[in-house]
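I opened my notebook to follow a few contacts, one entry at a time. Come along and keep the view turned on beside you.

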Amino acid sequence: MEMPEQPRSRRQTRAAILTHLLQSGGSFRPPLAKAVRLSEASLSRILFDLKAEGLIEEVRRPAPYVGGPTGLVSLDRTVTLAALELTGEWLSVGVGNLSGELRYIERVPLPRKPTVESTGRVFHEALDLLRGWTRRRRIRLAQIGVTVPGLGRLSEFGNPIIPCDIEQIGDMLAELFAGVPVTFTNSVVAHATFHRYRTEDYPFTDAHLFVFVGQGVAGAWIDDPIEDEALEPVELGHMVFGTDGPQCRCGHHGCVEAYTSLPALAELLRMTEAELLQLGSGWVTTIPLSARLRQELRQRLFRLGLAIGNTLNVKPCRGVVVSGWPSLLAEDDRKAVSDGIDCSLLGGRKLAQVSLAFVPPSTGNDPQAALAFAAFCLARSGGMPAASTEAA
């Protein structure tokens with residue numbers, strides 16, 4: 001992982017170490033010092049503090065070579081985090097550790113037509129469950145991560161997808177979990193974090209665009225993990241490709257989301273979204289795809305590529321990662337995404353030097369994405385988070 005030449009503060013130095021350990025799963029001291037650009041003496045002083053604070057552990061492992069180091073540094077598995085992930089069907093609440101291992105999961109159903117009031121009641125029920133579970137086990141939470149679909153700077157107090165009052169929910173958390181750092185984020189940011197730190201051989205380490213195709217279609221700019229603006233949601237699912245297209249939940253017609261989201265895919269396959277989610281990744285082999293259906297899928301993926309290309313025209317970067325049902329298709333089908341990018345991106349991918357990669361879907365794994373985001377927040381803070389509720 002690339003780190004700044006000279007971290008600007010103690011927090012950033014600690015964050016560089018913790019985020020590297022989060023992504024690598026553990027490291028011996030010499031390669032860790034090289035990765036975060038510190039002398040081994042400076043690294044040892046900081047590791048001493050992190051170990052005393054219970055954030056890391058060092059265990060004896062066989063040396064990677066004769067005469068090599070034997071102390072493997074990793075994040076302490078006893079650090080406990082909480083995750084709340086709001087989806088279209090329920091609110092998932094979970095408790096786990098920095099390695100992504102969940103010890104507790106509960107799902108509180110949303111009403112069929114949620115309102116701000118009813119969503120607030122669902123959050124209150126879930127938080128009561130979380131508080132009861134942690135109190136019975138005398139567990140002190142180090143960080144809480146909350147993910148909400150469509151959350152952004154302009155929608156912090158009124159979510160356009162699932163009605164909820166973020167300020168009110170933040171007050172609940174402050175009352176029930178006083179002193180525990182809480183961070184809210186858009187669901188796409190959480191899924192981007194999950195893949196970056198949990199996907200083996202994740203394709204990019206430098207700045208890139210992450211695109212999530214799930215119940216909606218959204219993106220996130222991914223950059224240096226220790227910077228405050230490391231993860232920024234970007235709206236691309238509501239680009240309109242003709243007002244005669246299918247109606248989108250935003251109220252417009254012809255949005256790329258109305259063609260490529262999971263609900264749109266389920267409608268195309270003549271099944272309900274719940275039935276499609278129940279099949280999971282197996283739908284692509286379970287459901288026969290006729291030539292006509294495959295052609296329609298390619299046309300929809302082409303529109304997705306157009307939306308990605310338009311986004312890259314606004315803010316160029318060298319890499320794009322797509323997660324969701326498109327990644328399950330054969331390479332010949334996925335090529336439609338590349339063709340769409342080439343038709344929209346100025347100069348095309350070759351001249352713009354843009355690489356495209358696909359990672360598996362993470363829809364339905366809640367609250368794993370929110371847990372990964374909570375771990376990222378703790379690592380990014382350097383283990384020194386302010387006890388306040390904030391949005392990211």
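Entry one, a charged pair. I looked up aspartate 342 and found that aspartate 342 forms a salt bridge with arginine 349, with 3.2 Å between the closest N and O atoms. I kept in mind that this is a predicted model. Side chains of opposite charge can pair when their charged atoms come close. Next I checked how open the two partners are. Aspartate 342 has 31% relative accessibility, so I noted aspartate 342 as partly exposed. Arginine 349 is partly exposed as well, at a relative accessible area of 24%.

Entry two, a pair across the chain. Which side chain does aspartate 333 meet in a salt bridge? I found arginine 294, at 2.5 Å from N to O. This pair links distant parts of the chain, 39 residues apart. Aspartate 333 lies in helix α12, residues 331-344, and arginine 294 lies in helix α11, residues 291-314. Is aspartate 333 buried or exposed? With a relative accessible area of 3%, which is under the 20% cut-off, aspartate 333 is buried. Arginine 294, at 29%, is partly exposed.

Lysine 51 is partly exposed, its relative accessible area being 37%. Glutamate 58 has 28% relative accessibility and counts as partly exposed too. I then followed the links and found that Arg29, Lys51 and Glu58 are joined in a network of salt bridges. How many salt bridges does the count come to? I wrote down 13.

I went to serine 327, whose place is in the loop between β12 (319-324) and α12. At 13% relative accessibility, serine 327 counts as buried. What does the side chain of serine 327 reach? I traced the side chain to the backbone oxygen of glycine 324, at 2.6 Å. Leaving out residues up to four places away in sequence, I listed what serine 327 touches: Val322, Arg334, Phe358, Val359, Pro360 and Pro361.

I compared helix α1 (residues 10-24) with helix α6 (residues 187-198). Their axes are 7 Å apart, and the two pack at an angle of about 75°. An angle from 65 to 115 degrees counts as roughly perpendicular, so α1 is roughly perpendicular to α6. I noted who makes the contact: Thr19, Leu22 and Gln23 from α1, and Arg196, Tyr197 and Arg198 from α6. By class, I found two nonpolar, two polar and two charged residues there.

Entry six, another partner for α1. What angle do the axes of α1 and helix α3 cross at? I found roughly 85°, with the axes coming within 11 Å; helix α3 covers residues 40-52. So α1 and α3 are roughly perpendicular to each other. On the α1 side, the contact is made by Arg10, Thr13, Arg14, Ile17 and Leu18. On the α3 side, I listed Leu43, Ile46, Leu47, Asp49 and Leu50. The contact of α1 with α3 has six nonpolar, one polar and three charged residues.

Methods:
Residues are numbered from 1 along each chain as its sequence is written. This is a predicted model: local features need pLDDT of at least 70, side-chain atom pairs count only at pLDDT 80 or more; totals for chains, interfaces and linings use all residues. Side-chain values use heavy atoms; hydrogens and water are left out. Axes are lines fitted to C-alpha atoms, for helices over the stretch in contact, and angles run from 0 to 180 degrees between N-to-C directions. Helices (H or I, at least four residues) and strands (E, at least two) are DSSP runs, numbered from the N terminus. Angles under 35 degrees count as roughly parallel, over 145 as roughly antiparallel, 65 to 115 as roughly perpendicular and the rest as oblique. Contact means heavy atoms within 4.5 Å. Ala, Val, Leu, Ile, Met, Phe, Trp, Tyr, Cys and Pro count as nonpolar, Asp, Glu, Lys and Arg as charged, and the others, Gly among them, as polar. A salt bridge is a side-chain nitrogen of Lys or Arg within 4 Å of a carboxyl oxygen of Asp or Glu. Buried means under 20% relative accessible area, exposed over 50%, partly exposed in between (1.4 Å probe, protein chains only). A polar contact is a pair of N or O atoms within 3.5 Å; within protein, one must be able to donate a hydrogen and the other to accept it, and residues adjacent in sequence count only if both atoms are side-chain atoms.
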